[in-house]
Amino acid sequence: MSIPVDPADLRQALSDFDSGYLLSTSSPQVKVVTVDPVAGDDGTLRIAGPGRGTLRNLADNAVVTLVFPPRERHGYTLLVDGTAALAGTDDGTDDVVVTATAAVLHRPAAHADGPLPPDGCGYDCAPVSG
């Protein structure tokens, strides 16, 4: 079962993770790039200069996913779905601002610390804030 995360809590959630991966696509091929987004107070994530291939994809399809793997073995992965928009910078490069539409902390049931509820779907998920 996936438990939604309030996008306003992303700043706090990101402090528990290192670099992540931005996934974008405009065709059957998915483009993956390593990113270090900065969370805004409004639930957005700003990504500095993700590259031309990503920018081309976003011109055709603004829907993206960010994946932040756990720092420790069997920890939670932060998954963030959102919509991306280009944001120019003072130096003429393009950043990307992702508005989060959904986010969860997710891990397989086999990595859980205890038994899952009987109505669970086989995954151990948790909200960012208690």
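Residues are numbered from 1 along each chain as its sequence is written, and side-chain values use heavy atoms, with hydrogens and water left out. Because the model is predicted, local features need pLDDT of at least 70 and side-chain atom pairs count only at pLDDT 80 or more, whereas totals for chains, interfaces and linings use all residues.

In soluble globular proteins, nonpolar side chains tend to be buried together. A nonpolar core is here a set of buried Ala, Val, Leu, Ile, Met, Phe, Trp, Tyr and Cys residues joined through side-chain atoms within 4.5 Å; buried means under 20% relative accessible area, exposed over 50%, and partly exposed in between, with a 1.4 Å probe and protein chains only. The largest such core has 23 residues, and Leu45, Leu66, Leu78, Val80 and Val98 touch the most other members. At least two residues of this core come from each of helix 1 (10–14), strand 2 (30–35), strand 4 (44–47), helix 2 (52–60), strand 5 (63–68), strand 6 (77–88) and strand 7 (94–108). Strand 7 gives the most, with five residues. Helices (H or I, at least four residues) and strands (E, at least two) are DSSP runs, numbered from the N terminus. Contact means heavy atoms within 4.5 Å. Leaving aside residues up to four places away in sequence, Leu78 touches Ala13, Leu14, Phe17, Leu66, Val67, Phe68, Val104 and Leu105.

Charged pairs come next. The whole structure holds two salt bridges, a salt bridge being a side-chain nitrogen of Lys or Arg within 4 Å of a carboxyl oxygen of Asp or Glu. In one, Arg71 pairs with Asp18, and the closest N and O atoms are 3.2 Å apart. Arg71 lies in the loop between strand 5 and strand 6 and Asp18 in the loop between helix 1 and strand 1 (20–25), so the pair ties together parts that are 53 residues apart in sequence. Arg71 is partly exposed at 48% relative accessible area, while Asp18 is exposed at 52%.

Asp95 forms a salt bridge with Arg46, with 3.0 Å between the closest N and O atoms. Since Asp95 lies in strand 7 and Arg46 in strand 4, this pair ties together parts that are 49 residues apart in sequence. Asp95 is buried at 9% relative accessibility, and Arg46 is partly exposed at 33%.

Asp95 also belongs to the surroundings of Leu86, which touches Leu55, Asp95 and Val96, not counting residues up to four places away in sequence. Leu86 lies in strand 6 and is exposed, at 51% relative accessibility. By contrast, Thr54 in helix 2 is buried at 1%. With the same exclusion of residues up to four places away in sequence, Thr54 touches Leu22, Ser24, Lys31 and Val33.

His74 has a phi near 70 degrees, a positive value in a residue other than glycine. Most residues other than glycine have a negative phi. His74 is found in the loop between strand 5 and strand 6 and is partly exposed, at 31% relative accessible area.
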